[in-house]
Amino acid sequence: KSNSTINKKLLSLQLFVKYLRENLGRTYPETIKFKLLKQAQTEHYIYKDEQIDQIRTHFKDRGELLMADLIYMLRYTGMRLSEVLTLKQNNVTEDYIHLYKTKSGKSRAIPISDKIRDLLKNVERFGNLGSASRVSKKFNRQKNALGLTDTANLHAFRHTFAQTLVDTGTPIEVVSKLL
């Protein structure tokens with residue numbers, strides 16, 4: 001197993017013991033902390049604008065306009081795939097996309113870029129693509145045809161969004177809040 005996988009299992013065990021202590025009235029040590037293994041720092045894939053245009057054109061040529069639009073949504077909002085697929089029209093105002101139930105448990109507001117303004121007129125259509133797993137598999141099946149590496153995936157559009165903001169001088173604290 002990779003160090004990352006081992007660390008996840010150790011943290012899960014730590015949380016399980018905490019649950020037992022708090023919910024079952026058992027007497028367990030106050031805290032159990034494991035020394036986590038070192039993990040290699042991985043480079044995040046960042047898309048170039050030309051690649052994004054190529055990917056969108058590829059899906060448009062295949063008649064998959066919703067996938068092409070999804071690429072722009074991911075690129076210009078920094079949203080997670082699951083967030084886009086479950087987005088509702090009442091989350092969209094004139095200038096912001098409001099997310100309330102996020103993975104981190106924190107709500108956030110994402111400014112709407114002119115590049116995606118028209119795509120937000122019927123955001124619930126993205127749910128027609130299916131589950132995040134299904135959409136990811138669909139994208140991954142096209143990677144060879146697009147000349148993309150294995151590390152290029154839909155989540156990398158989130159990293160591209162963040163890197164673009166950092167490159168244009170946006171303070172890291174603001175980038176963090178947007179993500």
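Ile32 is placed in the loop between helix H1 (3-23) and H2, in a model that is predicted. The relative accessible area of Ile32 is 27%, so this residue is classed as partly exposed, given that this class lies between the limits of 20% and 50%. Not counting residues up to four places away in sequence, Ile32 touches Gln14 and Val17. A further relation across the sequence is found with Leu15, which is 17 residues apart from Ile32 in sequence, while the two C-alpha atoms are 9.0 Å apart in space.

With a relative accessible area of 17%, Glu64 is buried, because the class covers values under 20%. When neighbours within four places in sequence are left aside, the contacts of Glu64 are with Phe59 and Lys138.

The strands are considered next. Strand S1 comprises residues 96-99 and presents a covered face, formed by Ile97 and Leu99, together with an uncovered face, formed by Tyr96 and His98. In a regular strand, side chains alternate between the two faces of the sheet. S1 is joined by four bridges to strand S2 (residues 108-111), and the two strands run antiparallel. Within this pairing, His98, a residue of the uncovered face of S1, has Ala109 as its bridge partner in S2.

Note on methods. Residues numbered from 1 in each chain as written. Predicted model: local features only at pLDDT ≥ 70, side-chain atom pairs only at ≥ 80, totals over all residues. Heavy atoms only, no water. Buried < 20%, exposed > 50% of the residue type's maximum accessible area, 1.4 Å probe, protein only. Contact = heavy atoms within 4.5 Å. Pairing = 2+ DSSP bridges.
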